[in-house]
Amino acid sequence: MISSEIMQGLAIPFLGTSLGAAMVFFLRGQLNEMVQRSLTGFAAGVMVAASVWSLLIPAMEQSEAMGQLAFVPAVVGLWAGILFLLLLDHIIPHLHMNSDEQEGPQCSLSRRMMLVLAVVLHNIPEGMAVGVVYASWQSGASEITFAAAMALSIGIAIQNFPEGAIVSLPLRAEGTASMKAFGMGVFSGAVEPVAAVLTIIFASFVIPVLPYLLSFAAGAMIYVVVEELIPEMSAGQHSNIGTLMFAVGFSVMMILDVALG
């Protein structure tokens, strides 16, 4: 049974994406390249900090409490998450921002749909991350507090806001109607609460696997950062803005986790 508190927490990241997608009603054209790079760097920093502070460290703490070697679930789960995202990368057709080269199996989907699928692909581990942290809090099997789980929800929501805009604004610039572009931006974030709920349900049946699930989500997010976000934030000239915003995003997520957790 998932409590109303948890459901509210799971809705926060989705709200962040939806509010970002709503920027299509207020802005015209695509985001400036420098702004896109800054937002991508910020998102990467949030995801790396969340992977370390909210997922890998709690995974090792839980393992230690269960009498296991602390690093085993962290390493096994990390690699499982990376390989899982590598698999999805190969079986889901998608197109990264600022790229004309389709990845995954060849298909007849439109460019706009493949852009949305690229964001869906990288929202899956974010949803799993939020879900497994709430599952850990609900089980009482770790030091994770409800405030720490909320900190992760808020951190993911902050980085989801620009993500929603990055999806909807280019679609609008390509000629998609504002409402449809907004709907596709919202759809790209809808996978997060679904992935979170499925993770919580699975974790509730297998409590000892929680450390593995925490590190699995961390591995999946790190894969997205290294494979997608870092190349995007470093492309072109003056890539140092992406690096600086990475540090800002990392700092914000670290502060949220430590202050609320």
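Student: How are helix 1 and helix 6 oriented to each other?

Tutor: Two packed helices are described by the angle between their axes and the distance between the axes. Here helix 1 (residues 4-21) and helix 6 (residues 178-205) pack at about 160 degrees, with axes 8 Å apart, and are therefore roughly antiparallel to each other. Roughly antiparallel means an angle over 145 degrees; axes are lines fitted to C-alpha atoms over the stretch in contact, and angles run from 0 to 180 degrees between N-to-C directions. Helices are DSSP runs (H or I, at least four residues), numbered from the N terminus.

Student: What kind of model is this?

Tutor: A predicted one: local features need pLDDT of at least 70, side-chain atom pairs count only at pLDDT 80 or more, and totals for chains, interfaces and linings use all residues. Residues are numbered from 1 along each chain as its sequence is written, and side-chain values use heavy atoms, leaving out hydrogens and water.

Student: Which residues of helix 5 and helix 6 meet?

Tutor: Contact means heavy atoms within 4.5 Å. In helix 5, Ile156, Asn160 and Glu163 are among the residues that meet helix 6, whose partners include Ser178, Ala181 and Phe182. The axes of helix 5 (residues 146-173) and helix 6 come within 8 Å and cross at roughly 145 degrees.

Student: Is alanine 148 buried or exposed?

Tutor: Buried means under 20% relative accessible area, with a 1.4 Å probe and protein chains only. Alanine 148, in helix 5, has 11%, so alanine 148 is buried. The C-alpha atoms of alanine 148 and serine 51 are separated by 13 Å, and these residues lie 97 residues apart along the chain.

Methods
Helices (H or I, at least four residues) and strands (E, at least two) are DSSP runs, numbered from the N terminus. Angles under 35 degrees count as roughly parallel, over 145 as roughly antiparallel, 65 to 115 as roughly perpendicular and the rest as oblique. Buried means under 20% relative accessible area, exposed over 50%, partly exposed in between (1.4 Å probe, protein chains only).
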